[in-house]
Amino acid sequence: MKLFKRVALGLLSIVVAASWIVVSGAQAKTNTATYAMYGDVKDWDPSIAFSLEVKMLVNVYEPLLWYNPPGSDSQFTPALATSWSVSDDGLAWTFKLREGVTFHDGEPFNAAAAKASIERTQTMKQGAYYIWAAANQIEAPDEHTLVIRTKEPTPIDLIASSQYGAYIFSPKAAEKGTDWFNQGNAAGTGPYTVRQWAKGQQVVLEKNPSYWGGWTDKNFDRVILRVVTENATQVQMLKSGEADFISIVPADAVASLDKEEGISAYAIPSWKNSQYLINTQKPPTDNKKFRQALTHLWDYETVVRDIYAGHAEVARGIVPASMWGHNDKLSPQTFDIDAARKLLAESGVPKKDWKVTMAYIGASEEYKNSALLFQEMARQAGVEVELLPGEWGTIWSNAKKLETAPNLQSMTWWPTYPTPNDWLIGLFRTEEKALFNLSHYANPAYDKLVDEGTALEGSDRAAAIAKYGEAQQILIDDAVAIFYADIKSRIARRTNLEGLQANPAYDAVFFHRVSRTQ
Amino acid sequence: MMVGILFGVLTVTFALSRVLPSSPIETMLGHRPNPEQIEAARHALGLDRPIHEQFFLFLGDTIQGDFGVSLRTGQPVIEDIFDRMTATFELTTLAVLLVILIGIPLGVLSAVRRNTVLDHGARGLSIAGVALPAFLIGMLLQMVFYGGLGWLPLQGRIGAEMLLDYPFERVTGLYIVDTALAGQWAAFGSALGHLALPVLTLTIACLAIITRITRNLMVEVLGEDYIRTARAYGLPRRAIYFRYALKATLIPMLTVIGLTYGFLLGGSVVVEFVFDWPGLGGYVVGAITKNDFPAVMGVTLFLATMYLTINLIIDLAYYLVDPRLRVS
């Protein structure tokens with residue numbers, strides 16, 4: 001018994017001592033912001049990074065331009081470029097670069113560095129390199145002028161503000177190669193430098209005192225991107241104030257989190273949207289009327305309200321509502337079982353063939369529940385739906401080949417840089433070998449409109465929008481997909497923060513603009 | 001024998017990674033790969049070669065200690081394993097020590113005071129430890145000691161700013177040792193505090209086996225003639241229990257401790273996940289969910305080797321504790 005007591009007493013004293021040290025050690029704090037991130041940074045090379053790295057990238061690196069949130073007075077905020085213009089033929093973009101800027105490693109920022117960064121990203125052929133495909137010549141006529149020439153008229157201003165693949169980095173650092181970056185190194189011009197990377201634990205950013213944008217007393221000196229994989233753990237950290245932001249916010253948790261003292265939780269528009277692509281070559285969905293019938297069997301309102309817990313809007317066309325080029329005048333798809341019955345009867349497809357397959361990512365509750373709802377509605381109209389849940393790699397490779405492709409394929413899409421043609425080309429432009437055009441859709445009239453719109457994006461955006469509007473109406477008339485949800489991003493953070501701006505162009509927090517109110 | 005088992009593990013993990021209907025390409029390339037990139041990635045991973053060729057390549061690389069590059073972290077798997085092994089080692093070793101320090105005395109006491117309140121209490125505790133899943137114990141402890149009382153940290157291995165403000169050199173990779181060596185007591189306290197809840201969770205989860213086995217073995221031994229003789233001689237009770245009786249239970253006990261330790265090395269997965277412990281467990285969970293097969297195979301092989309090594313050490317320890325084995 002004595003031994004037991006002694007051991008128990010010993011353990012207790014260790015625990016008490018440890019907690020005392022922890023509590024007392026936590027007192028001397030610098031002005032630090034903490035973001036609970038669901039995973040660790042993988043690709044540190046700014047030419048390659050293409051995932052949650054963006055949380056770090058926007059604070060450490062800068063592109064030539066930042067894209068402003070929808071509804072702003074101007075479309076861009078100057079970053080490393082102070083002014084820019086495009087030639088009359090739309091083939092040459094001239095950027096005047098900011099003077100007196102240095103990279104974190106002390107190298108000067110100039111036109112040669114900007115040219116080297118973009119060219120390196122192009123030749124690496126990884127991540128988002130393809131955004132620069134049209135830029136065939138980059139020149140640095142003087143220290144602070146950059147000229148980008150393109151084969152066809154191309155919106156280089158939009159491309160230069162991409163959240164991936166458009167960052168400018170020190171040429172000296174680039175010489176050290178990807179392996180150097182991947183040890184947790186960085187050399188941008190942004191407000192924060194990478195101070196530390198503890199693999200699997202955290203990334204610590206520290207203020208770059210010589211940042212050209214300057215500093216105020218209220219700015220955070222330090223930003224910790226802490227790896228916290230579990231949702232319940234993130235929520236506890238937010239409640240206690242240990243984290244200022246969390247990255248996993250389940251749809252059904254938003255309302256209850258928002259009621260907690262000191263926490264704000266809400267949803268903001270994003271550029272992500274979800275649709276079921278309908279195979280246009282495989283029977284019975286090779287029949288246009290049959291496809292149109294399917295689009296009437298989707299209960300749009302219920303899916304958005306109940307399955308997405310209101311954190312989505314019914315989509316109108318393929319371009320989401322918060323993206324330029326969205327057209328509110330398009331005729332929407334509607335839930336109408338009677339109309340579906342009528343179209344099915346008119347389609348000429350024999351009733352015994354009213355069977356379709358539907359593939360989706362099985363791990364997603366939203367996909368699963370909306371597929372089940374669709375299956376039931378279709379049954380009421382006499383259409384049998386076979387559900388094929390699976391893992392993305394598998395369903396994607398099945399959908400690419402016509403022999404194994406399903407009639408309906410789940411898809412969630414978002415653009416690499418702010419342009420509507422990302423959807424219009426990526427999902428529906430004719431492909432010799434299907435990659436993401438999983439409707440296997442081929443329509444020369446549509447292709448022509450999209451190509452014309454793309455050529456106009458840089459020079460006459462209003463004309464481009466008109467072309468894209470026509471193209472989208474063709475997609476709706478041809479019923480190539482069930483366009484059902486513009487997804488909102490869910491945010492949960494401490495209430496005492498100011499300077500936050502919802503911007504669907506970047507899936508990250510710009511910490512230099514944010515401060516704590518108390 | 002060890003080589004045979006390891007070869008078996010290698011073959012099974014390889015087969016599984018190739019049979020499963022998922023492709024690691026998406027993990028590698030992000031959400032928008034083009035055909036050129038897909039082809040290049042397939043080639044780089046050797047997936048375009050015949051399956052038997054892939055197996056021999058994999059075997060050859062593995063024997064040379066090359067487990068490939070993790071698709072998820074982009075780092076060599078062997079480096080990832082060594083980075084994270086020390087974290088798991090620190091966690092599980094402390095848990096095993098605690099299990100031994102609490103479990104054995106508790107088992108002895110339960111045997112000596114059979115059917116008393118203490119015995120029933122210990123049994124209740126053991127059953128609870130076995131019955132409650134580890135993640136639930138972990139989350140309950142988090143709610144009480146972090147959410148409710150605010151005494152202990154919630155997750156991670158050390159306070160976020162400790163690593164920066166109280167730097168210490170990485171000598172052993174064990175934070176409590178390295179911080180102590182560097183004399184950074186604030187960081188030491190933080191590391192210890194962060195260890196408390198995950199170690200406690202693992203301890204509660206594993207306590208039952210050791211306590212119950214000690215108790216049953218002791219009950220058996222206490223009925224032996226030589227114990228009665230020792231009692232008759234009037235030897236102090238503590239000497240009888242701990243010097244004579246407990247010694248006789250050491251061989252089966254060693255086996256159980258070895259198995260527990262081996263189990264913890266691989267089985268701390270859930271606890272590491274709940275506490276964001278940057279160890280092998282959290283690593284392998286992430287790898288499995290992302291089809292990161294080089295990492296999965298590397299960790300499986302590594303854990304199999306560790307498990308076998310522990311068993312070997314336990315076998316050797318038999319000779320130490322039992323002189324009869326040395327004679328035969």
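Begin by selecting S85(A), whose bridge partner in strand 5 of chain A is T94(A); helices (H or I, at least four residues) and strands (E, at least two) are DSSP runs, numbered from the N terminus. Residues are numbered from 1 along each chain as its sequence is written, while chains are lettered from A and ligands numbered from 1 in the order in which they are written. The model is predicted, so that local features need pLDDT of at least 70 and side-chain atom pairs count only at pLDDT 80 or more, whereas totals for chains, interfaces and linings use all residues.

Two strands count as paired if DSSP finds at least two bridges between them, and, in general, strands of a sheet pair through backbone hydrogen bonds, either parallel or antiparallel.

**The nonpolar cores**

Which residues touch the most other members of the largest nonpolar core? Among its 157 residues, they are Y35(A), L80(A), V223(A), I246(A), A95(B) and V299(B). A nonpolar core is a set of buried Ala, Val, Leu, Ile, Met, Phe, Trp, Tyr and Cys residues joined through C-beta atoms within 7 Å; a residue is buried if 20 or more other C-beta atoms lie within 10 Å of its own, exposed if 12 or fewer, and partly exposed in between, with C-beta atoms placed from the backbone. Helix 10 of chain B gives the most to this core, with 19 residues.

Centre the view on V223(A), which touches A33(A), Y35(A), N59(A), Y192(A), L205(A) and F511(A), leaving aside residues up to four places away in sequence; two residues are in contact if their C-beta atoms, placed from the backbone, lie within 7 Å. A second, separate core of 64 residues includes L277(A), A371(A), A405(A) and L475(A).

**Backbone details**

Most residues other than glycine have a negative phi, and most peptide bonds are trans. Select P283(A) and P284(A), which are joined by a cis peptide bond with omega of about -5°; P284(A) lies in the loop between strand 12 (263-278) and helix 9 (288-295) of chain A. Next, A479(A), which is not a glycine, has a positive phi of about 50°, and is found in the loop between helix 16 (461-477) and strand 17 (481-494) of chain A. A479(A) counts as buried because it has 24 C-beta neighbours inside 10 Å.

**Where the chains meet**

Finally, show the contact between the chains, which takes 47 residues from chain B and 47 residues from chain A. Helix 5 (77-112) of chain B is among the elements that give two or more residues to the side of chain B that touches chain A, and helix 5 gives the most to that side, with 7 residues. The predictor gives the complex an ipTM of 0.82 and a pTM of 0.86.
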